[in-house]
Amino acid sequence: MLLLAAILGIGLLLGWGFGGRLRNLGTVRIHLWPLAFVGLILQVVPFHRLEGRLGETLPLGALLLSYAVLLFFVAVNWRLRGFVLIGIGLLLNAVVISANQGMPVSEYAVRQSGQAAAITNLASSEDPKHHLAGQGDVLLPLADVIPVGSPFNIVVSLGDVISYVGAASFLTATMLGLAEPRMQHRDRPSPGKARTSEIPR
């Protein structure tokens, strides 16, 4: 989350740098915005603490459901700048997680990011949503293989990077008043065509 906050901060700084206004964030129309919070909450609820079969299956099911909710939210708002990138990133992550019953994490990337102590937890499956990448995993280039060192100390996927860039570009574009590029000129008449009421008689 710290890395995402930093990238969103960069998006805000770029918006200010290019002359954008923070108040423009309150004017953009985001449809079904509560779904974004529902999707994110589903990813952090500690379902793995439940005992028995529910504790084994519910975490992964909730994770996949969260991606379905977030993808639907993005699809509804696809016209907004940056949302296509957010959707592509989410879709890549969802595909990798579905194919591997969880997100594979590169041991090398974990060490490079300064989290060597986390390898034990990943190897013992204490985190049901992530596991150390192994020979049976597929689509590994799209998994958590990108190390980010201090002060973030995190491993991210290509999908994460694409989504973060999309979110930052949305903030920048919104501050500049460019969040809805495909809808700005929708009601204007085509060049060279006069309206019927304006034709001289």
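Select Arg-29 and Glu-180: their side chains meet in a salt bridge, at 3.2 Å from N to O. A salt bridge here is a side-chain nitrogen of Lys or Arg within 4 Å of a carboxyl oxygen of Asp or Glu. Side chains of opposite charge can pair when their charged atoms come close.

The model is predicted: local features need pLDDT of at least 70 and side-chain atom pairs count only at pLDDT 80 or more, while totals for chains, interfaces and linings use all residues. Residues are numbered from 1 along each chain as its sequence is written, and side-chain values use heavy atoms, with hydrogens and water left out.

Stay with this pair. Arg-29 sits in the loop between α1 (2-17) and α2 (34-44) and Glu-180 in the segment after α7, so the two tie together parts that are 151 residues apart in sequence. Helices (H or I, at least four residues) and strands (E, at least two) are DSSP runs, numbered from the N terminus. Arg-29 is partly exposed, at 46% relative accessible area, whereas Glu-180 is buried, at 18%. Buried means under 20% relative accessible area, exposed over 50%, and partly exposed in between (1.4 Å probe, protein chains only).

The structure holds 2 salt bridges. For the other, select Glu-107 and Arg-111, whose side chains meet at 3.0 Å, N to O. Both residues lie in helix α5 (residues 107-112), 4 residues apart, about one turn of the helix. Glu-107 is partly exposed, with a relative accessible area of 34%. Arg-111 is also partly exposed, at 47%.

Next, select Phe-83 and Phe-170. Within the largest nonpolar core, which has 21 residues, these two have the most contacts. The elements giving two or more residues to this core are α3 (52-76), α4 and α7 (158-175). A nonpolar core is a set of buried Ala, Val, Leu, Ile, Met, Phe, Trp, Tyr and Cys residues joined through side-chain atoms within 4.5 Å. Apart from this core lies another, of 7 residues, including Val-105, Val-110, Leu-122 and Val-155.

Last, select Gly-102, in the loop between α4 (83-100) and β1 (103-105). Is Gly-102 buried or exposed? Gly-102 is buried, with a relative accessible area of 0%. Leaving out residues up to four places away in sequence, Gly-102 touches Leu-60, Val-96, Ile-97, Lys-129 and His-131; contact means heavy atoms within 4.5 Å.
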